[in-house]
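Work through the exercises below with the sequence and the model open. Each task is followed by a solution in steps.

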Amino acid sequence: MTDGLPLPRRYLAIAAMSFGSALVIIDGGVANVALPTIARDLHVDQSSVVAVVTIYQVMLVMLMLPFAGLGERVGLKRIYQGGQLVFTVATLLCFFAKSLPFLLLVRAVQAIGAAGVLSVASALIRQIYPANQLGRGLGINSVVVTSSAAAAPTIGGLVLSVAPWPWVFASAIPFAIASLALGSAIPAPKPRATTFDVIGAVMCAAMFGLIIGGLETMVHGDSPVVSGAIVLLGIVIGYFFVRREKGETDPILPIDLLARPVLALSAIGGFTAFTASMTLLISTPFRLHALGFSAAAIGAAIAPWPLTNMVVAPLSGFLSDRIPAGILGGIGMVVSICALLLLAGLPADPSYFDVAWRMALCGSGFGLFLPPNARLVVGSAPRERAAAAGGLVSTVRLAGQTTGATVVALLLALGVGEGFVPPLVSVALALIAGLCSVARLRPSIRNPQAAEVADEVPTLKQAR
């Protein structure tokens with residue numbers, strides 16, 4: 001088996017993957033800027049139009065693991081490029097949206113395409129890079145995702161200043177064209193000759209959809225009893241789903257991977273880290289607005305986070321090929337906790353600089369933690385389970401981000417979302433992530449049985 005793609009094909013494949021990731025991240029994020037305009041043009045209230053964002057997030061979380069399992073069986077490249085085509089067609093349908101229900105349907109189809117792309121991206125990256133450069137590859141992908149997310153609001157604002165809102169969604173289509181044009185360089189590993197568990201996939205989607213959707217309606221809706229019933233139904237389905245998956249050879253929910261303590265700790269740490277970061281990023285604009293910052297000043301004050309992350313993430317990925325992820329993640333969370341405490345203790349009348357350097361410090365901490373954490377999950381899985389591991393990484397990220405948004409909504413509803421409480425909540429979550437990272441350094445955890453690591457990335461046996 002070859003170790004990564006040869007040059008220069010590797011560079012073409014990296015470019016194709018980068019354009020593909022940018023496509024779904026940018027088009028998923030530009031909607032936030034366009035919400036007020038969409039509400040006005042479609043004659044709906046602003047609380048209703050928020051569903052344009054939430055339906056996209058919920059659908060992604062529901063479909064990530066099922067699509068990862070499907071990719072192992074029908075082909076990673078086929079799922080990846082098929083997702084791009086579905087996403088692009090759905091984006092073009094935005095031009096025909098004259099009502100909110102139709103737009104929500106289109107966004108749901110977009111999320112289906114995005115799930116196809118994101119669910120197998122990490123597995124394809126593992127095929128593209130040599131084993132001793134996997135951390136570097138995931139770090140570069142992290143930069144693409146972070147910079148695309150940071151650029152999305154700016155792109156959306158520029159497009160809205162010169163064109164109607166449907167063009168906001170169309171702004172990412174050039175990335176789709178570029179990725180598909182370079183797609184021949186993307187590797188096409190042989191699918192596994194196993195059947196796809198359709199019932200398990202449906203149960204997985206229902207579990208995530210009901211639990212997350214119920215929590216969202218609990219915060220935003222008017223009937224907590226109904227919302228609680230929805231969450232409870234999701235938990236019940238989840239219970240039977242997990243029991244079913246334990247008996248499967250190739251489970252949709254990668255219980256076989258989560259049974260390894262090092263991967264379980266990485267998943268928990270990733271979830272709490274993403275929840276912590278999203279809690280801070282969503283709550284900070286409300287806090288700065290209450291302190292008198294203009295919209296432009298708020299954006300400028302938060303910008304150092306993704307800008308710093310763009311520098312630290314690839315460096316962290318590069319280091320993760322040589323230094324144990326437990327050490328890098330522990331240091332990253334210590335830095336983040338210090339920064340979060342400093343943000344909680346902002347002066348009563350902070351300047352731009354007071355906020356900016358704290359955000360830069362916080363972004364560097366999370367940038368140091370996340371790429372090594374993802375590398376450990378993807379690289380520790382057997383090669384034939386790389387798609388499941390990549391789907392787990394993406395699901396953990398999305399579930400954490402969605403949970404963070406729900407936490408902020410709850411704190412705002414309780415009247416404490418505009419002060420120092422959200423950063424302190426993030427501190428508690430970051431502490432859990434840091435403890436999970438350091439725990440991976442224990443010999444009993446980082447030295448599993450030989451049969452468990454027969455197909456993992458070689459350097460990880462020493463890098464845990």
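**Exercise 1.** Determine how α1 and α5 are oriented towards each other, and list the residues in their contact.

Solution. Step 1: helix α5 covers residues 76-93, and its axis lies 11 Å from that of α1 at an angle of about 40°. Axes are lines fitted to C-alpha atoms, for helices over the stretch in contact, and angles run from 0 to 180 degrees between N-to-C directions. Helices (H or I, at least four residues) and strands (E, at least two) are DSSP runs numbered from the N terminus.

Step 1: angles under 35 degrees count as roughly parallel, over 145 as roughly antiparallel, 65 to 115 as roughly perpendicular and the rest as oblique. α1 and α5 are therefore oblique.

Step 2: the crossing of α1 past α5 is left-handed, a term for a near helix turned anticlockwise from the far one by less than a right angle, clockwise being right-handed.

Step 3: contact means heavy atoms within 4.5 Å. From α1, Ala16, Met17, Gly20, Ser21, Leu23, Val24 and Asp27 meet Tyr80, Gln84, Phe87 and Thr91 of α5. By class, the α1 contact with α5 has six nonpolar, four polar and one charged residues (Ala, Val, Leu, Ile, Met, Phe, Trp, Tyr, Cys and Pro count as nonpolar, Asp, Glu, Lys and Arg as charged, and the others, Gly among them, as polar).

The model is predicted: local features need pLDDT of at least 70, side-chain atom pairs count only at pLDDT 80 or more, and totals for chains, interfaces and linings use all residues. Residues are numbered from 1 along each chain as its sequence is written, and side-chain values use heavy atoms, with hydrogens and water left out.

**Exercise 2.** Which classes of residue make up the contact of α13 with α17?

Solution. Step 1: α13 (residues 261-290) and α17 (residues 352-380) have axes that come within 10 Å and cross at roughly 155°. Step 2: that makes α13 roughly antiparallel to α17; the crossing is left-handed. Step 3: among the α13 residues in contact are Gly269, Gly270 and Phe274, and among those of α17 are Cys362, Phe366 and Asn373. The classes are 16 nonpolar, six polar and no charged residues.

**Exercise 3.** Locate the backbone features at Pro8 and His43.

Solution. Step 1: Leu7 and Pro8 are joined by a cis peptide bond with omega of about 5°. Pro8 belongs to the segment before α1. Step 2: His43 has a positive phi, near 60°, and is not a glycine. His43 sits in the loop between α2 (31-42) and α3 (46-49).

**Exercise 4.** Where in the chain is confidence lowest, and where is it highest?

Solution. Step 1: pLDDT is the predictor's confidence in each residue, from 0 to 100; the chain mean is 84, and 93% of residues reach 70 or more. Step 2: confidence is lowest in helix α21 (residues 460-463), at a mean of 43, and highest in helix α19 (residues 421-439), at 95. Step 3: residues 448-464 have pLDDT below 50, yet this stretch has 42 contacts in the model beyond near neighbours in sequence.
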